[in-house]
Amino acid sequence: MKLYCLSGHPTLPCNVLKFKSTTIMLDCGLDMTSTLNFLPLPLVQSPRLSNLPGWSLKDGNAFLDKELKECSGHVFVDSVPEFCLPETELIDLSTVDVILISNYHCMMALPYITEHTGFTGTVYATEPSVQIGRLLMEELVNFIERVPKAQSASLWKNKDIQRLLPSPLKDAVEVSTWRRCYTMQEVNSALSKIQLVGYSQKIELFGAVQVTPLSSGYALGSSNWIIQSHYEKVSYVSGSSLLTTHPQPMDQASLKNSDVLILTGLTQIPTANPDSMVGEFCSNLSLTVRNGGNVLVPCYPSGVIYDLLECLYQYIDSAGLSSIPFYFISPVANSSLEFSQIFAEWLCHNKQTKVYLPEPPFPHAELIQTNKLKHYPSIHGDFSNDFRQPCVVFTGHPSLRFGDVVHFMELWGKSSLNTVIFTEPDFTYLEALAPYQPLAMKCIYCPIDTRLNFIQVSKLLKEVQPLHVVCPEQYTQPPPAQSHRIDLMIDCQPPAMSYRRAEVLALPFKRRYEKIEIMPELADSLVPMEIKPGVSLATVSAVLHTKDNKHILQPPPRPAQPTGGKKRKRASDDIPDCKVLKPLLSGSIPVEQFVQTLEKHGFSDIKVEDTAKGHIVLLQEAETLIQIEEDSTHIICDNDEMLRVRLRDLVLKFLQKF
Amino acid sequence: MDPECSRLLPALCAVLADPGQPVADDTCLEKLLDWFTAVTEAGSSLLLLQENPCLVELLFHVLKSQDLSSRILSFSLRLAGIFAAQENCFQYLQQGELLPMLFGEVGPLGGAAWTAPAVRSGWIQGLRTLAQHPSALRFLAACGAVDTIFSLQGDPSLFVASAAGQLLVHILDLAMRGPAEGHRSPQACDWPACAQKIVGHIEDSLCSTAVPQVTQALSVLTTAFGHCHGLWTQGLWVRLSPLVARLLEKDPVPASHSLVDLLLSVARSAPSSYRGLWETLAQTLSHLSPTQAGPLALGILKLQDCPQALRTQAFGILLQPLACVLEAAAQAPGPPGLLEGAAGNSMTVDTLLSSKSACVGLLCCALAHLGLLQPLPQRPSPWPQAPLLGAAVTILRLCSGSAAPTSDVGSRLCAILVGCGRVQRAALDFLGALSQGTGPQELVTQVFSVLLEYLVSPESSSMVLKKAFQATLRWLLSSPKTPGCCDLDPHTQLFLRELLPVLQKRLCSPCWEVRDSGLEFLTQMTRHWGGQAGFRQALLASEVPELTKQLLRDPESYVRASAVTATGQLSSWGLCATPAGHECPGAQQESLLVELLHILSTDSEGFPRRAVMQVFTEWLRDGHADVAEDAEQFVAGALQAASRDLDWEVRAQGLELALVFLEQLLGQRGSHCPYAVALPETAPPGVLAQALQVLCRVQLFEFAFRALFDCDRPVAQKSCDLLLFLRAKAAPCGSPQEAGDSPNVASVEATLQRWQAGEQGQPLGYLEPGAVVALLRSVDLEGLRDTLAESSDHVEKSPQSLLQDMLAAVGVLGENEADCY
């Protein structure tokens with residue numbers, strides 16, 4: 001069993017598991033932090049961005065000044081943003097049989113894999129993951145395609161040139177494999193390969209293994225996966241949460257008794273408690289708006305935003321903010337808000353019960369009805385007519401490199417009355433803000449990451465007790481900036497095995513058993529013999545039939561009537577010869593009684609030695625040695641067959657035959 | 001006993017003895033016992049029994065009856081104890097063999113009733129009351145009660161077990177008091193047999209391997225040394241202290257809590273009389289685990305006189321956990337023995353690292369103990385203020401994760417403590433307590449920075465934040481004043497500049513507890529610093545006053561109440577919010593007044609309305625500029641709103657406001673001491689007439705008279721006091737003014753009578769000053785005051801009433817005779 005690690009990002013995993021005869025890709029995350037190296041794509045012509053000076057080498061050589069621009073000491077690529085794909089060279093991705101998706105954030109690289117690697121398999125995901133994943137992809141494509149950029153920079157990627165660049169461009173990895181965003185056509189094609197699954201549904205893969213999605217409590221339709229054969233169980237835990245938010249709670253019990261537990265997608269901000277962050281978010285939002293400032297919340301169109309809107313629903317009246325407009329701007333804003341209300345079966349119990357009242361499960365419906373929350377596909381069109389300040393705007397993309405958020409950053413960045421509040425944990429906020437410097441607006445970092453923290457992981461592991469834990473290397477040591485925080489790492493016994501990008505891990509367990517079915521008529525013919533209470537044995541002669549990874553013992557074909565003169569059958573007709581079987585032996589030899597028996601039979605000068613595996617009985621006179629072990633007995637004597645047979649018979653007296 | 005009670009007693013005894021008529025209420029039986037105790041204390045029990053033979057009959061009957069409730073049985077045992085406390089009565093009861101039947105083995109002791117804890121408890125309490133004289137001792141010995149008491153020490157009911165221990169001590173004391181008198185710590189061989197037996201039992205228990213036995217023995221000894229002060233206790237100590245010391249040789253020390261209690265009990269009584277006590281204490285300190293030794297160390301340090309060496313050792317125990325923390329968190333090996341003589345030892349380190357609960361427990365105890373010690377005059381000297389400050393700061397940093405210890409122990413401590421609210425709260429409390437002392441400037445800067453870190457951190461829970469606010473306030477108020485300058489020192493000013501934005505954010509918190517503690521903090525800070533230019537400047541430059549005002553409309557009533565108090569305080573100092581950010585005169589103030597009046601008359605919760613009345617009273621008392629402008633209208637408005645309020649505290653506070661107003665019009669009340677002999681000073685007639693006019697106009701009388709018959713006694717009492725004060729000022733006794741002159745008085749009196757009867761619908765109407773004076777004279781205010789001063793059940797708590805109640809409850813008395821109260 002092997003694990004091929006194609007992504008180095010612990011929360012955007014992409015691993016391939018080879019288990020029995022199947023090749024299973026676990027998630028398909030797309031690392032978008034690469035876009036932080038690019039200049040933002042403004043929706044409206046931005047003189048500031050277009051007038052940024054070109055970057056030149058220390059010696060004044062300016063041949064890169066068309067591709068690289070400088071802003072407040074940072075250098076950015078002036079080109080269409082590109083993404084860092086999962087590793088494609090480590091394993092032939094056309095051999096992947098299935099892809100299991102755990103949540104909508106972890107499927108963003110799907111079109112790259114399904115459309116460009118020769119992949120012919122099936123993708124399994126829950127319905128909300130697919131629908132919301134589609135929205136995220138649609139938004140991404142839309143954000144990038146609506147600001148066409150003529151220029152595509154590639155010169156800087158040359159290894160010799162990259163070495164000369166300042167950090168972080170100099171340290172960017174595998175820049176040659178960075179790719180532009182996919183198209184809607186590729187998205188549609190990729191999504192068409194998905195087969196929908198429900199929680200706890202058992203899916204057979206070629207009869208060899210069974211995969212089952214389980215609720216992971218992190219997002220609508222988010223799943224952990226159980227991959228099991230009859231005797232082995234691998235759990236894949238990715239992006240799970242034990243907090244009470246909108247999704248169905250995490251199913252922990254089904255993860256018990258795993259041989260291997262692959263653990264990814266823990267919280268990216270283990271020091272920030274989501275509840276405190278929501279409090280911080282509300283306080284800062286209120287403070288800004290009361291002072292007449294605007295609040296910008298860069299966010300994804302689904303996920304934490306539902307919880308934030310719910311908190312605000314409870315908070316705004318009490319904080320006297322009822323008159324402040326809340327805007328949600330995204331090409332998929334409407335679909336996202338509506339989808340959230342229809343996936344009742346994927347929601348937590350409280351929200352599910354609302355549906356039967358019937359009430360919308362999320363209170364943002366009421367916010368929309370009362371006109372407190374308005375949503376628009378983009379800043380163009382209706383929004384510009386309705387726009388009122390001070391206000392709160394939720395919009396993407398959290399990287400601040402594309403989407404409507406770029407416009408608001410340019411618009412509000414100059415005033416210290418305004419505040420940008422970062423709630424998504426995927427991007428370092430200082431890096432996200434770099435191309436907007438100098439910036440007067442206030443920046444608040446309230447990352448809300450509801451995924452498991454290390455305390456919860458430790459409890460979970462104690463609860464489910466896997467034999468082995470496999471996780472990204474980042475989880476096996478404290479964060480580099482807080483090396484003393486030994487509480488911020490996985491602490492388990494035996495220590496977790498870690499992996500990094502482009503590494504192949506041999507998982508530390510051997511398969512020992514395979515299940516074989518026995519045909520009823522064959523079973524009927526068995527004659528079990530009880531060798532000790534509760535244990536019966538029977539000999540069986542049969543033909544092992546293997547097809548589609550299923551093994552069946554069938555009765556041997558009746559021996560053909562011996563035809564005269566033909567002593568040997570053809571090889572193809574060969575059947576097991578049942579006639580001359582030696583009896584099978586069972587039982588153990590009690591050494592003391594055995595010695596007594598030997599003495600009775602005239603052997604003297606017997607010595608018994610204990611060994612690690614059993615005993616050695618020495619017949620010194622006869623220069624003979626009887627080695628008795630748990631599963632074998634050897635009689636070692638010098639060419640005295642008579643003696644050997646005598647001894648053998650004495651040994652056999654103590655054993656049962658059948 | 002009065003004849004009426006004597007008359008009722010036989011019927012009552014019959015009721016008690018009748019299992020078919022269960023007494024519903026346990027408290028009746030308790031009251032009955034109290035009454036009998038009082039009766040027997042006042043006179044002869046023997047006489048009582050002879051005059052009321054029904055009592056003895058009851059006791060006999062109880063013994064015979066099989067199906068009596070355990071409550072009655074328990075009651076009877078206690079009753080018998082009360083009677084037998086007097087030796088002649090004891091003899092009398094003995095003649096009838098009643099006592100052995102009640103308390104001996106033939107009594108309930110052997111029967112089924114013994115399974116009820118109430119009966120066992122009654123048995124013990126009966127004996128406890130009975131054991132007052134030598135005859136009782138002989139009786140106890142004869143009936144083998146002491147052995148039963150020994151076994152009851154391990155009773156499953158904690159009450160019974162504890163009472164058994166106390167009874168043993170009582171018997172021991174009784175037995176020893178006789179022979180010990182005049183002797184100095186008699187030798188053990190002289191002790192009476194009963195005492196020998198008890199002490200022997202204690203010795204056996206102390207040597208037992210069963211921890212509960214040891215605990216029982218130790219707690220008996222603790223009671224003995226705590227309550228008995230005869231010389232014999234010294235003998236007891238000499239005899240038992242070697243056994244106590246032997247407990248320390250065991251590992252772990254058994255019943256360490258009880259052992260600590262015992263040693264402290266001995267040390268507190270008269271330590272110098274007990275030989276070897278200090279050595280035992282020192283030994284115990286060194287044998288107990290760090291967690292167990294903490295309470296003992298604290299107890300030792302609280303003792304008035306105690307050898308210095310022992311104090312040093314005890315202090316070292318308390319300091320050890322903090323020393324370990326300091327050592328573990330030190331970036332580089334610092335100067336050795338930061339807390340002198342208390343360098344972290346390995347046992348403490350092991351405890352700290354053994355588990356989260358052990359670490360948290362030990363640190364919290366150490367912090368709490370040191371916090372308790374800090375303000376005491378007998379605290380150790382020199383007090384290591386600076387290292388303690390350093391330790392508190394370090395613990396807080398470990399808890400917040402901001403400390404970056406390099407040592408292995410430090411990292412493990414950090415992993416255990418990070419995010420631990422209990423330790424954070426304890427450390428903040430301790431840090432607050434340390435504000436009473438000074439410290440090097442560098443450390444004080446660290447204190448403020450860690451406090452700010454906690455106030456800023458979104459991870460601070462609401463309770464931690466409250467503690468952080470409290471500690472900050474204590475540190476701010478204790479910060480030294482710059483000599484020669486009345487304003488805040490530059491460090492404080494700098495801190496304020498960082499603090500106010502944090503406070504601003506906290507006032508917007510979605511968690512109401514946080515908003516509330518923020519407002520409380522603001523109120524306190526303003527109360528102390530409202531006049532300081534530096535503070536005023538910083539506050540007015542911030543959004544805090546505006547936010548505070550907005551919180552008057554908070555959805556949470558506690559927050560509204562705190563906001564009312566805070567705005568009231570801000571306004572008193574002229575610091576309330578104005579759009580331009582300037583200090584506020586008239587117009588703005590008026591709007592605040594209107595807003596507060598609005599809260600007073602419309603808020604659905606009591607807390608904000610109470611707060612408004614308190615603010616108003618304070619404003620009136622302090623002569624708040626804008627209130628003083630038209631005090632009459634202000635008072636009229638406030639009283640009108642308060643009079644309609646359903647909350648009695650608001651009405652009571654309204655009377656307080658009225659009183660302040662009265663004092664301002666008529667002059668101060670005399671001494672508040674009710675026993676002062678000085679006659680009240682009458683107001684000059686001109687002033688008085690004018691004042692009465694004003695009081696009539698603001699309808700103070702309507703409010704006060706209505707309050708006089710308020711269904712809540714504190715309101716009525718307060719109103720009574722107010723009217724008495726007014727009468728003293730306006731119509732002193734003997735003043736030859738014509739009562740009943742005014743035509744209004746009769747009708748007004750009639751209205752008042754209706755009010756008193758509970759019909760408060762009708763208004764009093766406008767009163768003329770003359771009518772008021774007449775009314776004040778005609779109403780029996782003194783009588784009312786006396787009635788109100790009585791507790792509400794004064795009429796009904798006579799013994800006669802008790803007996804009648806109990807009889808009525810089972811229907812022996814006629815319905816109409818029942819006291820329905």
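Where in chain A is P390(A) found? P390(A) sits in the loop between α11 (382-386) and β17 (392-395) of chain A. The model described here is predicted.

**Overall form of chain A**

- Chain A holds 17 helices and 33 strands.
- Of the 658 residues in chain A, 51% are buried.
- The radius of gyration of chain A is 34 Å, whereas a compact globule of 658 residues would have one near 26 Å.
- Along the principal axes, the C-alpha atoms of chain A fill a box of roughly 110 × 70 × 60 Å.

**Domains of chain A**

- Chain A is divided into domain 1 (2-270 + 451-506), domain 2 (274-445) and domain 3 (585-657).
- Between the C-alpha centres of domain 1 of chain A and domain 3 of chain A there is a distance of 64 Å.
- An unreviewed UniProt entry carries the annotation "domain: Beta-Casp" for residues 305-433 of chain A.

- By residue class, the lining of the second largest pocket has 22 nonpolar, 15 polar and 8 charged residues.
- Domain 1 (2-270 + 451-506) and domain 2 (274-445) of chain A each supply at least three residues to the lining of the second largest pocket.

**Cis peptide bonds in chain A**

- S167(A) and P168(A) are joined by a cis peptide bond with omega of about 0°.
- P168(A) lies in a loop, between α4 (159-162) and α5 (184-191) of chain A.
- Another cis peptide bond runs from Q389(A) to P390(A), with omega near -5°.
- The loop that holds P390(A) comes between α11 (382-386) and β17 (392-395) of chain A.

**Positive phi at residues other than glycine**

- N371(A) is not a glycine, yet it has a positive phi of about 65°.
- The position of N371(A) is in the loop between α10 (364-369) and β16 (373-376) of chain A.
- In chain B, Q699(B) has a positive phi of about 60° and is likewise not a glycine.
- Q699(B) falls in the loop between α36 (685-697) and α37 (700-708) of chain B.

**Accessibility of two residues in chain B**

- A392(B) belongs to helix α21 (residues 385-400) of chain B.
- A392(B) has 0% relative accessibility and therefore counts as buried, the cut-off being under 20%.
- A392(B) and S273(B) are 119 residues apart in sequence, and their C-alpha atoms are 39 Å apart in space.

Methods. Residues numbered from 1 in each chain as written. Chains lettered and ligands numbered in written order. Predicted model: local features only at pLDDT ≥ 70, side-chain atom pairs only at ≥ 80, totals over all residues. Heavy atoms only, no water. Domains from an automatic or database assignment. UniProt positions renumbered as here; feature names shortened; annotations may be inferred. Nonpolar A, V, L, I, M, F, W, Y, C, P; charged D, E, K, R; others polar. Helix = DSSP H or I, 4+ residues; strand = E, 2+ residues; numbered from the N terminus. Rg over C-alpha atoms; globule rule 2.2 N^0.38 Å. Buried < 20%, exposed > 50% of the residue type's maximum accessible area, 1.4 Å probe, protein only.
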